[in-house]
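Trainee: I would like to go through this structure with you and ask what stands behind each term.
Mentor: Go ahead.

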Amino acid sequence: MKSRFELMLLGLLAAVGCKGPGDAAPAAATSAAPAAASVAAAAPAPAAKVADTGPIKVGILHSLSGTMAISETSLKDVALMTIDQINASGGVLGRKLEPVVVDPASDWPLFAEKARGLLQKEGVAVTFGCWTSVSRKSVLPVFEELNGLLFYPVQYEGEESSFNVFYTGAAPNQQAIPAVEYLMSKEGGAAKKWVLLGTDYVYPRTTNKILRYFLKGKGVADSDIMEQYTPFGHSDYQTIVADVKKFAAGTPTAVVSTINGDSNVPFYKELANQGLKAKDIPVVAFSVGEEELRGIDAKPLVGHLAAWNYFMSVKNPENDKFIADWKAYVKAKNLPDGDKRVTNDPMEATYVGIKMWAQAAEQAGTVDVNAVRQAVAGQTVKAPSGFTLSMDYKNHHLHKPVYIAEIKADGQFQVVWKTEGPVRAMPWSPFVPESAKKVADWTFPWVCGNCTEGKFKGQPATAAL
Amino acid sequence: MNIRSLISLCVACVLALASASARAQDLRQAAKDLGDTARVEAAVDVITQSKDPAALALLQALSDDTLRLDTAGTPFVAGEGNALSAVFGGAGKPAGALTTPLVDNRLRRQLEPALASFKLAFPDPKVRLAAAKDLAKSRNDELAPLIRAAAAKERDPEIKRAFGLALAQIDLNGSDKQLKLAALAAVTAAADGSFKPDLERMTGSASAKPSETDADVRKAALSALQAVNSRIMLISFVGNLFYGLSLGSVLLLCALGLAITFGLLRVINMAHGELLMIGAYSTYAVQRFFSSYFPTHQDWYLPVAVPVAFVATAGIGMALERSVIRFLYGRPLETLLATWGISLILIQTVRLIFGAQNVAVANPSYLAGGIEVMPGFVLTYSRLAVIVFASAVTTFVWFMLQKTPLGLHVRAVTQNREMAAGMGIATRRVDVWTFGIGSGVAGLGGVALSQLGNVGPELGQQYIVDSFMVVVLGGVGKLAGTLAGAFGLGLLNKLLEPAAGAVLGKIAILGLIILFIQRRPQGIFALKGRAAEAM
């Protein structure tokens, strides 16, 4: 009798320990890397072996299975579309781009392993990838060790600026802070109480930390803020939605959602089923766009909000062309769900990132990582968001406009607020005391991503050679 | 009549006509302004003040998203198909292209009390009640005289109570003592939680001094606050009970199949989660079939999916038993490994057929939404349906085990295989059928899961651990054990979650189970007797 139960517990352990297929034996992969380990050596480390002739290999590192596949698969598709477009107009430096697509399956240590494979075995010149911050933190040490280049297209929590990463997604001051300011204003409902709801990992925790400091600075008491976290893949939101209603009773309240991945589907279904209306308790999400809404009936969700730097419904000639190209590509490649496919902010950021890299490589005359890295700074692209986006000269982030929009019954968004023009990113939040002192500036004399003093302060320029 | 009165009458008429046409002009101009985001707020105010019946039509259409403006600014209401009706009467031919005015949350917040103010005097009591409830949600000082008049005329007690709450929103913040006491009486009777911040402010709970100076009013406010707090606690408790029941029913559906195969056959089936997943995908396949061939009867896919999922997973289970598991009876370690390998094969097969990403299974219309039983507590139809479905499945399994000849044979084989064989029961055949039924029940669990969460190839991996926990906790061999385990875990989880959060709650549950198993390894309900001990 006892031995059977010992076997049962063994079986349980096996089930819990092995997360099923898609989880390769964790090799030398490191997970949960510390933030912004600045490898600002005086002379850059030797670049990974990248071929000089023949097609240029370009890595695409997005989850095509698992909980994040709902969000990341479209990024892979739009990256392939952009690469096709560049190849059709002659490629880069006369050479065709060859995409190398790998699937890290929403498994963070596997991201690091696949990144290493791309850099060492495939010899890619550049990688476009990652969505969750934990995946980015996992691959960061690999890119810094092997001196690779990563373009990261998703909005994130800031508190990072790596020598080897270019961030084409929003920093908190380009998404989270303007959204909260809008909800505080009379237009947005003059919220007095706040619910911070997120998936349990680094991005929501850090963003909520920044928002707490920000709200405190605006005079919101701690007792007026409710913070809740759920694990990846969580699907039972009954208690949480009921708690939100209880917390909000009698006072204008807003919910800030940093829930990521397919948990958003049961979350929004529960909001709809429990009758949480946007005019009473608006929910603004930072990781939900047109793609995540595709699988849900949006009629009960009308009025809930999202904050991004691009929406499919923004009207301008570049966006019209982008959407038309995308729809044609979906049809030509017979992608699943055909004409129901949509464009969203991370797709636009992927598109802009690839174009900027291509322009930088042309300008530098080589795909060598060190040369291209210098050339990316200052690149501009007339983007589908309706503005000319430019890569900052110093901090590896894009200047992006901010749009706040409400969900419409057809799953599209209508913009209710936007900035006049692109906003410069502040990777180190001025609201968090420890971060406010830090500077991300990769130009001389700072040459660092998270320091309070220039690395070459007071020295002549030759010291950096 | 003398000349002077005649002249004054004429002047009065002219003035009345002039002001009426001016108001009508204002109304038309305001309708035009609805398309201008800078002027829409003021325009809605103007329309709200108007006595013209077209005003209500304008605001209602704006709120329903059916208002259209042509290039001249003339308003139309879009009906079924492409029907258009002009708001101010007339031919109804729009000049140029139609635009839809932008409606955002700010406008919706303004429209809610505005529409309610029109509906206060409607003959239909349901409309009046809804209007009164809308007005009770926030403080609308400018509508106070209108609400008071409507409340005075009202005969229906429920609507009168709602009006009382709407007035309470205004009066609690006013200065009239009698009105305040009346307002507090209404709040105490309704025990409405949305007044809690106001009451706390008045009585000085939290950290601030009481804002209310009058002792009588403060006392009334305190008793109102107590009523409100105890109501909130009651609603929380009932809510958590329901959520615990619904989580328990999900766990029950997942674990019942495993209880049959493990409890009755002693087979550790690591592919059980994948059988759940196949049940969910069968539902998806049936939905796709319906949307291709019977698009008008989409909602009927769910009742059809139930037997389809049962048959599909039972078939796969029986094939599994015949091909792999029957060679491994009595060798639990090998069964564990073999079934784990099969689970990987099943996951990859589904990936190849349906793709690696989630598939969207839409809830039928009768399972969307919920019913608000108490303020703040909504019984969602989908969860209610899962509870009912779980009870139906449990009853079916119980009936099958207790009342059918097959069930008799299954129980006999479980208790004493040699004796049952000696009595002439085909034990091998009974094994196949038992495994098939256990797998079929897992398929039914998958149907329920498809309605509640995401359907992807890894669905089974999320529920396998919970299923084993329920079976181990409840004890093998008895249906009652699985019931106790499932509902016990569900209720415990949901009672812990508000206090500890979802993540810590799960950890606490795991810890408690480990401690429980240490003390009582055979689970809550255990089979007794020599045959059972000898398992």
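Trainee: What makes strand 12 and strand 13 of chain A a pair?
Mentor: Two strands count as paired if DSSP finds at least two bridges between them. Strand 12 (residues 388–391) and strand 13 of chain A have two bridges, in the antiparallel sense, so by that cut-off they pair. Ser390(A), for instance, stands opposite His399(A) in strand 13 of chain A. Keep in mind that this is a predicted model.

Trainee: Why are strand 11 and strand 13 of chain A said to stand at the edges?
Mentor: The open sheet has three strands in the order 11-12-13 (chain A), with antiparallel pairing. Strand 11 (380–382) and strand 13 (398–399) of chain A each have a single partner strand, so one side of each has no neighbour in the sheet.

Trainee: Which strands are the edge strands in the open sheet of chain B?
Mentor: That sheet also has three strands, in the order 1-2-3 (chain B), paired antiparallel. Its edge strands are strand 1 (67–69) and strand 3 (84–86) of chain B, as each pairs on one side only. From one strand to the next the twist averages 35 degrees. Strand 1 and strand 2 (residues 75–78) of chain B are joined by three bridges in the antiparallel sense, and Leu67(B) has Val77(B) as its bridge partner in strand 2 of chain B.

Trainee: How do you know that strand 10 of chain A has partners in both senses?
Mentor: Look at the bridges. With strand 9 (residues 283–285) of chain A, strand 10 pairs in the parallel sense over two bridges. With strand 14 (residues 403–407) of chain A, strand 10 pairs in the antiparallel sense over four bridges. Ala306(A) takes part in both: Ala285(A) stands opposite Ala306(A), and in strand 14 of chain A the bridge partner of Ala306(A) is Ala405(A).

Trainee: Which way do the residues of strand 10 of chain A point?
Mentor: Leu305(A) and Ala307(A) point one way, Ala306(A) and Trp308(A) the other way, and all are buried. In a regular strand, side chains alternate between the two faces of the sheet.

Trainee: Why is helix 5 of chain A called mostly covered?
Mentor: A residue is buried if 20 or more other C-beta atoms lie within 10 Å of its own. In helix 5 (residues 176–184) of chain A, eight of the nine residues are buried; among them are Ile177(A), Val180(A), Tyr182(A) and Leu183(A). The cover includes helix 6 (202–217), strand 8 (253–258), strand 9 and strand 10 of chain A.

Trainee: Why does Gln49(B) count as partly exposed?
Mentor: Exposed means 12 or fewer neighbours and buried means 20 or more. Gln49(B) has 15 C-beta neighbours inside 10 Å, so it falls in between and counts as partly exposed. Gln49(B) lies in helix 2 (residues 40–49) of chain B. The C-alpha atoms of Gln49(B) and Phe118(B) are 9.7 Å apart, although 69 residues separate the two along the chain.

Trainee: Which residues touch the most other members of the largest nonpolar core?
Mentor: That core has 80 residues, and those touching the most other members include Leu251(B), Leu256(B), Leu276(B) and Val471(B). Helix 10 (residues 215–265) of chain B gives the most to this core, with 16 residues. Apart from this core lies another, of 73 residues, among them Leu61(A), Ala115(A), Tyr167(A) and Trp326(A).

Trainee: What does each chain bring to the contact between chain A and chain B?
Mentor: Chain A contributes 56 residues and chain B 64 residues. Helix 1 of chain A gives the most to the side of chain A that touches chain B, with ten residues. By class, that side has 22 nonpolar, 21 polar and 13 charged residues.

Trainee: How confident is the predictor in chain A?
Mentor: The pLDDT of chain A averages 88, and 89% of the residues score at least 70. Over residues 19–47 of chain A the pLDDT is below 50. Where pLDDT is low, the predicted coordinates should not be read in detail.

Key
Residues are numbered from 1 along each chain as its sequence is written. Chains are lettered from A and ligands numbered from 1 in the order in which they are written. Two residues are in contact if their C-beta atoms, placed from the backbone, lie within 7 Å. Ala, Val, Leu, Ile, Met, Phe, Trp, Tyr, Cys and Pro count as nonpolar, Asp, Glu, Lys and Arg as charged, and the others, Gly among them, as polar. Axes are lines fitted to C-alpha atoms, for helices over the stretch in contact, and angles run from 0 to 180 degrees between N-to-C directions. pLDDT is the predictor's confidence in each residue, from 0 to 100. A nonpolar core is a set of buried Ala, Val, Leu, Ile, Met, Phe, Trp, Tyr and Cys residues joined through C-beta atoms within 7 Å.
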